[in-house]
Amino acid sequence: MTETKVSIPCGKLTLEGKYALPEGDGPFPAMVVCHPHPQMGGNMDHSVVTAVCEALVKAGVAALRFNFRGVGESRGKYGEGLGEQADVRAAIDLLDAMTNIDSGKMGLAGYSFGGVVSAAAALDDNRVQVLALISAGLSEPQWKRLRIYPKPKLFVVGSEDKSVPLKPLKEHVELVVEPKQMEIIYGADHTWWGFEAELAKHIVEFVTNNLAKTPRLFP
């Protein structure tokens, strides 16, 4: 996967990012992939993020990963989750402005904290057409809004995840409106070590089935 470095404008800040395009002619569908908690060592080079991006590009979907504010070469400091929502929107803005990206076929994927922030951003940004959440410990207000969120949604969790327990996650997902999909990867915990490839496969299948081959999905 050949990536291009990019600076992402976000208000008065700039964020460090990298994107990769598939082979062939665009415009391409595209996904922004968000990393885990910056105060727990999360960054855009996390193995889950890079595995998902590489798999997406091989499947014909452009992928953008970036560092949240205060991480790596991204300016600013930790924004308590609210600033990071602005970071996600800035990443979407960047894709939206690219001529080789199909702005009608953009989505978000996020891991752990990145999933929580992605869900918040998606709920308020109609440009997001699909949402893939990996081990995301969502709040009750987020779950309440997701119950009526009409876009395709994927929830992926490991059977051994102690941070996002399986039983309550299932109960929440059952109340979420279609289209939705839940995948449980047995043996995986919250770190996903050793399961990155299997996880990425599920993300790619969801994205290609619900974004890459479909028309614009505005409700």
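Predicted model: local features only at pLDDT ≥ 70, side-chain atom pairs only at ≥ 80, totals over all residues.
What separates Lys 167 and Glu 171 in helix 5? About one helical turn, because the two are four residues apart in that helix, which spans residues 166–174. Lys 167 is exposed, at 61% relative accessible area. Glu 171 is partly exposed, at 40%.

Eight strands form an open sheet with mixed pairing, in the order 1-2-4-3-5-6-7-8. Strand 1 (4–10) and strand 8 (180–185) have a single partner strand each, so they stand at the edges, and one side of each lacks a neighbour in the sheet. From one strand to the next, the twist averages 25°. Strand 7 (residues 153–158) pairs with strand 8 in the parallel sense, over six bridges. There, Val 156 stands opposite Glu 183 of strand 8. Helix 3 (residues 113–123) packs on the sheet. Helix 3 touches strand 3 (28–34), strand 5 (101–111) and strand 6 (128–134), and its direction makes about 140° with that of strand 5.

Back to charges. The structure holds nine salt bridges. One of them joins Asp 96 and Arg 127, with the closest N and O atoms 3.2 Å apart. This pair links distant parts of the chain, 31 residues apart: Asp 96 lies in helix 2 (residues 82–96), Arg 127 in the loop between helix 3 and strand 6. Asp 96 is partly exposed, at 30% relative accessible area. A salt-bridge network links Asp 93, Asp 96, Asp 125 and Arg 127.

Asp 124 and Arg 145 also form a salt bridge, at 3.0 Å from N to O. Asp 124 sits in the loop between helix 3 and strand 6, Arg 145 in helix 4 (residues 140–146). Asp 124 is exposed at 54% relative accessibility, while Arg 145 is partly exposed at 39%.

Note on methods. Residues numbered from 1 in each chain as written. Heavy atoms only, no water. Pairing = 2+ DSSP bridges. Axes fitted to C-alpha atoms, helices over the stretch in contact; angles between N-to-C directions. Contact = heavy atoms within 4.5 Å. Salt bridge = Lys/Arg side-chain N within 4 Å of Asp/Glu carboxyl O. Buried < 20%, exposed > 50% of the residue type's maximum accessible area, 1.4 Å probe, protein only.
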